[in-house]
Amino acid sequence: MNIVLCGFMGSGKTVVGNELSKIMGRKFVDTDELIEQEQGVAIKAIFATHGEDYFRDLEFECCKKVSELKNCVVSTGGGALTFERNVEALKNNGKIVFLDASFDVICDRIGNSNNRPLFQDREKARALYDERKSKYLHAADYVVNGDMSARKTAMEIAEMFR
């Protein structure tokens, strides 16, 4: 069974996922990285060239592939688990953990990054955060405090699965 991390951009999915995979001796898989490797371009470029719908279809295919893996720690893109088809695919062979980080902490972590296409306007980002939170809660089998350090968060998740 996989441990699938979901949450808003900047909630720590990749950093916590890497940490958790070391603690538990599992392979770490990042769906965004897989998509970038397969496409040979950054997600920002996929959005710019082909649009969000195209990206979401790639993401769904990636979720289906990842669900066939065994005993991995999976980090998903910030929007992945706002789509029921991705939730269903990943729950086939995984438990979903929502990293519930506050918007203020996320802003501190992201700073003024240009790598986040959906975070260029803070007010829009806040509205998106509020909109997605209920979807993450709906998808989640477990919820953890995402405001803690990556190590502490990873330790807490590891305890849940021991």
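Visitor: In what order do the five strands of the open sheet run?

Guide: This is a predicted model, in which local features need pLDDT of at least 70, side-chain atom pairs count only at pLDDT 80 or more, and totals for chains, interfaces and linings use all residues. Residues are numbered from 1 along each chain as its sequence is written, and side-chain values use heavy atoms, with hydrogens and water left out. Strands (E, at least two residues) and helices (H or I, at least four) are DSSP runs numbered from the N terminus, and two strands pair if DSSP finds at least two bridges between them. The pairing here is parallel, and the order is β2-β3-β1-β4-β5.

Visitor: Which are the edge strands?

Guide: An edge strand here pairs on one side only. The two are β2 (27-30) and β5 (142-145).

Visitor: Which residue of β4 is the bridge partner of C6?

Guide: β1 (residues 2-6) and β4 (residues 94-100) pair in the parallel sense over five bridges. In β4, the partner of C6 is F98.

Visitor: Which strands does helix α7 touch?

Guide: Contact means heavy atoms within 4.5 Å. Helix α7 (residues 122-139) packs on the sheet. The strands touched by α7 are β1, β4 and β5.

Visitor: Are α2 and α4 roughly parallel or roughly perpendicular?

Guide: Axes are lines fitted to C-alpha atoms, for helices over the stretch in contact, and angles run from 0 to 180 degrees between N-to-C directions. The axes of α2 (residues 31-39) and α4 (residues 52-66) come within 10 Å and cross at roughly 110°. Angles under 35 degrees count as roughly parallel, over 145 as roughly antiparallel, 65 to 115 as roughly perpendicular and the rest as oblique. α2 and α4 are therefore roughly perpendicular.

Visitor: How are α4 and α5 oriented to each other, roughly parallel or roughly perpendicular?

Guide: α4 packs with α5 (residues 84-91) at an angle of about 15°. Their axes are 8 Å apart. So α4 and α5 are roughly parallel.

Visitor: Which residues of α5 make the contact with α4?

Guide: On the α4 side, the contact uses R56, D57, E59, F60, C63, K64 and V66. From α5 come R85, N86, A89 and L90.

Visitor: How far apart are the closest N and O atoms in the salt bridge of E59 with R56?

Guide: A salt bridge puts a side-chain nitrogen of Lys or Arg within 4 Å of a carboxyl oxygen of Asp or Glu. E59 and R56 are three residues apart in α4, so about one helical turn separates them. Their closest N and O atoms are 2.8 Å apart.
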